[in-house]
Amino acid sequence: ISDLCRAIRRGEGCAKLNHLCLSRNPLGDKAAGELFHAITGHGLKNIPLFRTVSLAGVGLGDVATEPLARALNSGAFRKLESLDLSLNCISHEGMQLLSPAFGRANTPKLASLNVASNCLTDQGIGVIASSM
């Protein structure tokens, strides 16, 4: 993930990025946080990245939801259409941090959000539903 973060920080080919699939790679919260920080850390907010992002089964928990929310709120995901966060362990507390980013201003094109097989309760699903 370090090489990817360096490339993003340098802006190498970032304007052409449409799809990011890191599914089933054991990133965990720390590496995922580094990735989200790289996306927001140096002006990429002016370059909308990624139409699809798949982070299914990468070991995300609530710790990673704060940097992910910052990345989503940065403007770098204005063209995001599909976000797959399935097969992780995000609880309703993490969804409370993420859900404001799912609003129309931050992710106006978001049409698909997969949060299947997380640690969500009815409360977490309610948080998502109220943000859409």
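Predicted model: local features only at pLDDT ≥ 70, side-chain atom pairs only at ≥ 80, totals over all residues.
Four strands, written here as 4, make up an open sheet in the order 1-2-3-4, and the pairing is parallel. At the edges stand strand 1, residues 19-21, and strand 4, residues 112-114, and each has a single partner strand, so one side of each is left without a neighbour in the sheet. From one strand to the next, the twist averages 5°. As for how strand 1 is joined to strand 2, residues 52-54, the two run parallel and are connected by 3 bridges; Cys-21, for instance, has Ser-54 of strand 2 as its bridge partner.

Turning now to helix 1, which spans residues 2-10, its buried residues are Cys-5, Ala-7 and Ile-8. When one looks down the axis of helix 1, these buried residues fall within an arc of 160°, so they line one face of the helix. The face turned away from that buried side carries Asp-3 and Arg-10, which are exposed. Part of what covers the buried residues of helix 1 is helix 2, residues 28-40. Just after helix 1 comes Gly-11, which takes a positive phi of about 75°.

Helix 2 packs with helix 3 at an angle of about 10°, and their axes are 8 Å apart. With angles under 35 degrees counting as roughly parallel, that makes helix 2 roughly parallel to helix 3. On the helix 2 side the contact is made by Asp-29, Ala-32, Gly-33, Phe-36 and Thr-40, while the residues contributed by helix 3 include Asp-62, Val-63, Pro-67, Leu-68 and Arg-70.

Finally, the core: which residues of the largest nonpolar core touch the most other members? Of its 36 residues, they are Leu-72, Phe-77 and Leu-85. Helix 1, helix 2, helix 3, residues 62-73, and helix 4, residues 92-98, each supply at least two residues of this core, and the largest share, 6 residues, comes from helix 2. If we take Leu-72 and leave aside its neighbours within four places in sequence, its contacts include Phe-77, Leu-80, Leu-83, Leu-98 and Phe-102, and among them are also Asn-106 and Thr-107. As general background, nonpolar side chains in soluble globular proteins tend to be buried together.

Methods: Residues numbered from 1 in each chain as written. Heavy atoms only, no water. Buried < 20%, exposed > 50% of the residue type's maximum accessible area, 1.4 Å probe, protein only. Arc of directions from axis to C-beta. Contact = heavy atoms within 4.5 Å. Core = buried A, V, L, I, M, F, W, Y, C linked by side-chain atoms within 4.5 Å. Pairing = 2+ DSSP bridges. Axes fitted to C-alpha atoms, helices over the stretch in contact; angles between N-to-C directions. Parallel < 35°, antiparallel > 145°, perpendicular 65-115°, else oblique.
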